[in-house]
Amino acid sequence: MNIPFLGNRRQKVGFPDPEGIADLLAECELLRSQAGRAGVRLDDSPASLEALDQLVPRWRDDEEASAWLGNDAGLYLGTVIVRTVPGAAWEIRADGQPVVRLASGREFDVVDAGHEWAASGVPELSQLYAEVAEA
């Protein structure tokens, strides 16, 4: 039955389009806030990754903040890769983990890399980007 004043009540359920996912994953509020307080502008460029690598890691004293920041750092790294490396795109694995898939088919777990960076600073985000961009 089609009743015009009720409108189309059937809506497609599922994930947003790839651009919507990319915008959602690019938010990284905690990282953007901390970087901004340190005078670092996150403009989704490889140079901003180098600037992040230079931040004094005050968050390492707070385990909870470190975990959140690591997540954001990984998502930001992925955002820079997706926006600057041809053929790179976000993909959500079956377990819900966002990863970056390169044109070569190689999958890169940026969130895991972000957690490693937040915990120890190694490897640097700019170094990870360089490795991925080179592939």
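Trainee: In E2, which residue is the bridge partner of isoleucine 92?
Mentor: The partner in E2 is proline 98. This is a predicted model, in which local features need pLDDT of at least 70 and side-chain atom pairs count only at pLDDT 80 or more, while totals for chains, interfaces and linings use all residues. Residues are numbered from 1 along each chain as its sequence is written, and side-chain values use heavy atoms, with hydrogens and water left out.

Trainee: How many bridges join E1 to E2?
Mentor: Four bridges join strand E1 (residues 89–92) to strand E2 (residues 98–101), and the two run antiparallel. Two strands pair if DSSP finds at least two bridges between them.

Trainee: And what phi does glycine 96 take in that hairpin?
Mentor: Glycine 96 takes a positive phi near 90° in the hairpin of E1 and E2, where five residues lie between the strands.

Trainee: What pattern does the protein chain follow along the sequence?
Mentor: The pattern reads α-α-α-α-β-β-β-α-α, with six helices and three strands. Helices (H or I, at least four residues) and strands (E, at least two) are DSSP runs, numbered from the N terminus.

Trainee: What share of the residues counts as buried?
Mentor: Of the 135 residues of the protein chain, 39% are buried, meaning under 20% relative accessible area with a 1.4 Å probe, protein chains only.

Trainee: Changing topic, what is the average pLDDT?
Mentor: The protein chain averages 86, and 87% of the residues score at least 70; pLDDT is the predictor's confidence in each residue, from 0 to 100.

Trainee: Where is the pLDDT below 50?
Mentor: Residues 9–13 are below 50, and this stretch has zero contacts in the model beyond near neighbours in sequence. Contact means heavy atoms within 4.5 Å. Where pLDDT is low, the predicted coordinates should not be read in detail.

Terms used: Buried means under 20% relative accessible area, exposed over 50%, partly exposed in between (1.4 Å probe, protein chains only).
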